[in-house]
Amino acid sequence: TLSASALDFVQRVFLPDLLAIASFYKEWAQIGGGHGNFLAYGDWPAKTGAPYAWGDLYLPRGVVINKNMAAAPQALDQARIAEQVTNSWYTDTGGAPLHPWQGQTQPQYTGPTPPFEHLDTEQKYSWLKTPRYDGRPMEVGPLARMVVAYAAGHTEVREEVNRVLSVLKLGPEALFSTLGRVAARGIETLLLARRMSGWISDLEANMNRNDLAIHNGALWNPATWPAEAVGWGATEAPRGALGHWIRIKDQKIENYQAVVATTWNAAPRDGQGQRGVFEEALLDTPVADPERPVEILRTIHSFDPCMACAVHVCDPEGRAVTRVAVHH
């Protein structure tokens with residue numbers, strides 16, 4: 001089957017190749033660490049062959065602060081999430097961080113006239129907002145998911161993380177690095193490939209009994225909405241924590257905000273001067289040739305960033321901004 005072929009490839013090719021190549025670059029276990037704060041919303045059904053229940057997750061949700069995997073993760077509270085635009089090209093709301101239910105997205109470019117070579121990072125310098133959890137920068141993504149699961153005592157995650165570190169002859173501190181971030185993606189790929197056949201079997205069983213529902217449509221029709229309400233939804237996208245928040249008034253969407261994975265990781269500094277995750281991870285990176293800073297790219301690529309996700313470009317009048325034609 002396709003899932004068996006995928007698992008075979010991951011076990012025989014992908015992960016062994018990743019570890020073989022990593023063994024030649026072990027210095028990268030000391031580069032690219034960042035703040036050491038991790039956030040995960042959790043995802044994937046914990047069991048197969050059983051109804052899915054909210055909170056019953058294979059990879060747990062939670063928060064780990066300051067690389068502390070010796071204690072259980074903190075419970076995640078979405079009310080502690082807030083965004084700033086202190087260093088972002090949006091209308092400043094007086095500098096006060098806003099929870100996404102109150103969030104605003106009003107573009108106001110104040111940077112230099114393109115083309116330009118440098119940005120003044122003491123001023124606004126990014127189209128990304130700056131999300132914080134309890135005022136802290138948080139890394140999200142495969143490494144965050146593995147760190148939170150490891151701290152939560154997840155048996156399979158602990159076994160595979162320890163095995164990879166043993167193969168590379170590295171200590172647990174190596175996780176908090178560019179190499180650790182890439183290794184975490186490989187470990188997660190193996191764990192999910194192992195479970196894929198069970199999830200596919202569940203899907204097949206549902207389809208065979210004509211259970212084709214893909215969402216809860218009880219409140220799909222706006223006519224059934226309450227006069228006022230707030231809601232939020234969260235999941236783990238490949239790049240990390242993805243959250244959406246909605247506020248309804250007079251049975252209409254009054255405000256809708258999304259905080260996506262790359263916004264967490266690539267955000268600019270906040271009003272307290274705390275660097276974003278990318279910026280912190282790049283500190284003390286040795287660069288052999290400033291004209292070809294491949295070392296900088298290596299750490300940034302370890303996050304697998306998506307700027308198109310983090311900055312949603314639209315025309316306020318609803319007109320097409322650009323059109324892309326793909327020819328096969």
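Helix 2 has these buried residues: Pro-142, Leu-143, Ala-144, Arg-145, Met-146, Val-147, Val-148, Ala-149, Tyr-150 and Ala-151. That makes 10 of the 10 residues in the helix, so helix 2 is largely enclosed by the rest of the structure. Keep in mind that you're looking at a predicted model.

**Around helix 2**

- Helix 2 covers residues 142-151, and what follows the helix is Gly-153, a residue with a positive phi, near 80°.

**Aromatic pairs**

- How many aromatic pairs are there? The count comes to nine.
- One of them joins Trp-89 and Trp-127 edge-to-face, with 5.4 Å from centre to centre and 65° between the planes.
- That pair links distant parts of the chain: Trp-89 and Trp-127 are 38 residues apart, and each lies in the loop between strand 5 (81-84) and strand 6 (130-133).
- Are these two tryptophans buried or exposed? Trp-89 is buried, since its relative accessible area is 4%, while Trp-127 counts as partly exposed at 32%.
- Trp-127 also pairs with Tyr-90, again edge-to-face, at 5.7 Å centre to centre and with 75° between the planes.
- Tyr-90 and Trp-127 both lie in the loop between strand 5 and strand 6, so their pair ties together parts that are 37 residues apart in sequence.
- Tyr-90 is buried too, with a relative accessible area of 8%.

**A cluster, and a charge over a ring**

- Which residues make up one aromatic cluster? Trp-89, Tyr-90, Tyr-109 and Trp-127 do.
- Tyr-90 from that cluster has a charge over its ring as well: the charged end of Lys-129 sits there, 6.0 Å from the ring centre.

**Cysteines**

- Cys-306 counts as buried, because its relative accessibility of 14% falls under the 20% cut-off.
- Cys-309, on the other hand, is partly exposed, because its relative accessible area of 34% falls between the 20% and 50% cut-offs.

Definitions and conventions
Residues are numbered from 1 along each chain as its sequence is written. This is a predicted model: local features need pLDDT of at least 70, side-chain atom pairs count only at pLDDT 80 or more; totals for chains, interfaces and linings use all residues. Side-chain values use heavy atoms; hydrogens and water are left out. Rings of Phe, Tyr and Trp (its six-membered ring) pair if their centres lie within 6.5 Å; planes under 30 degrees apart count as stacked, over 60 as edge-to-face and the rest as tilted. Helices (H or I, at least four residues) and strands (E, at least two) are DSSP runs, numbered from the N terminus. Buried means under 20% relative accessible area, exposed over 50%, partly exposed in between (1.4 Å probe, protein chains only). A charge sits over a ring if NZ of Lys or CZ of Arg is within 6 Å of the ring centre and within 35 degrees of the ring normal.
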